[in-house]
Amino acid sequence: MYFARPDSVIDGVSVYRARMAMGDALAANAKAKLEHEGIKVDVVIPVPDTSRVAALQLAQNLGVPYREGFVKNRYVGRTFIMPGQELRRKNVRRKLNAMALEFAGKNVLIVDDSIVRGTTSKEIIQMARDAGAKKVIMASCAPPIRWPSVHGIDMPSRRELVAHERTEEQIAEYTGADLIIFQTLPDLVASCGSLNSDLKEFECSVFNGDYLTRDIDEAYLDHLEGLRNDNARIRAGEGAKGSMTTVNGLAAGGDKGPLQVVMESQPLGDVSGGGEVAGGGDIAGVVGLTNENGSETRGHNTPPSLTVGLDNAAE
């Protein structure tokens, strides 16, 4: 739904087809809610990149034009894993630019793959209003994310999730949307399950808090949140100063503790760097990796804790 490439096939399920099915299901839900609120949408705009397939399908089902209203800066990584609210907020503005041509004077339905902290959604909605949108409706291809993942994805603590202990109306108020529309969990499961009848059960704990291992309790979640919350991430990065080094392939460190990954503003020119930062998009430029003891690292093993801070290389 989020990390996978559209041309991937996972457990016999085409990611592309699954996203199309998500768009179909979301369209039915959106149509009912829009009619109930008396809102007529003029245009459907995706948040690039992973929501494009679903957004196109949704637009076709609603009979509304599909437009690319956001231009993406590919040298800024995934904002939801960045440490600190201010860093995430600043990088959303660096990552996306709204084209007023597609927003001015229109009721806009913006489609995103998911809403995690709400930082990206809040900034995107404000960008749409700054570009002249009359009404901004936000639609998520995923249900509200109310619980952290304990099975490998470094997601925020519960208290940092925008949907935790909030209703959809409260989420809309927090993000500044006129209306927010979420995919239902049964529709999401059906979108994937319908493409492979052998799949009988899905891991949906981030949506419903039902962990398949059945051994996750409040004490464990509290412990995990102590390691993952923003303050812990910032503390882990204290004292680490980025030094410049050229890295090929995956930007990940050795086994000597937390790393600081920094992308500095430089002319790209003839650079042998590039690759990916763990959890982030493609990078062209120079990446500095420094262990907490100050020594440079070029290893391939992902450390237990990785602090990622990205500056806009194209700025």
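Me: What kind of model is it, and how is it numbered?

Reply: It's a predicted model, where local features need pLDDT of at least 70, side-chain atom pairs count only at pLDDT 80 or more, and totals for chains, interfaces and linings use all residues. Residues are numbered from 1 along each chain as its sequence is written, and side-chain values use heavy atoms, with hydrogens and water left out.

Me: OK, overview. How many helices and strands are there?

Reply: The protein has 10 helices and 14 strands. Of its 315 residues, 50% are buried; buried means under 20% relative accessible area, exposed over 50%, partly exposed in between (1.4 Å probe, protein chains only).

Me: What share of the contacts comes from residues 24 or more positions apart?

Reply: 76%, counting contacts with a separation of 6 or more.

Me: Back to the strands. What's the order in the open sheet of 4?

Reply: E3-E6-E7-E8, with parallel pairing. Two strands pair if DSSP finds at least two bridges between them. E3 and E8 (179-182) are the edge strands, each pairing on one side only. Neighbouring strands in this sheet are turned by 25° against each other on average, direction ignored.

Me: How many bridges join E7 to E8?

Reply: 4 bridges, and the two strands run parallel. Ala 139 stands opposite Ile 181 in E8.

Me: Which way do the E3 residues point?

Reply: Val 43 and Ile 45 point one way, Val 44 and Pro 46 the other, and all of them are buried. In a regular strand the side chains alternate between the two faces of the sheet.

Me: Tell me about Pro 46. What does it touch?

Reply: Not counting residues up to four places away in sequence, its contacts include Ser 51, Arg 52, Tyr 66, Phe 70 and Val 111. Val 111, in E6, is the residue Pro 46 stands opposite. Tyr 66 is 20 residues from Pro 46 in sequence, and their C-alpha atoms are 8.3 Å apart. Pro 46 counts as buried because its relative accessibility is 0%.

Me: What follows in H2, and which of its residues are buried?

Reply: Val 53, Ala 54, Ala 55, Gln 57, Leu 58 and Ala 59. Their cover includes H1, E3 and E6. Just after H2, Gly 63 takes a positive phi of about 70°.

Me: Where does H1 go?

Reply: H1 lies across E6, E7 and E8, at about 150° to E8. H1 (residues 15-37) also packs with helix H7 (residues 185-193) at an angle of about 145°, their axes 8 Å apart. On the H1 side the contact is made by Ala 18, Ala 21, Met 22 and Ala 25, and on the H7 side by Asp 187, Leu 188, Ser 191 and Cys 192.

Me: Where is Asp 11?

Reply: In the loop between E1 (9-10) and E2 (13-14). Asp 11 has a positive phi of about 50° although it is not a glycine, and it is exposed at 58% relative accessible area.

Me: What about Glu 165, buried or exposed?

Reply: Exposed, at 72% relative accessibility. Glu 165 has a positive phi near 60° and lies in the loop between E7 (135-140) and H6 (168-175).

Terms used. Axes are lines fitted to C-alpha atoms, for helices over the stretch in contact, and angles run from 0 to 180 degrees between N-to-C directions. Contact means heavy atoms within 4.5 Å.
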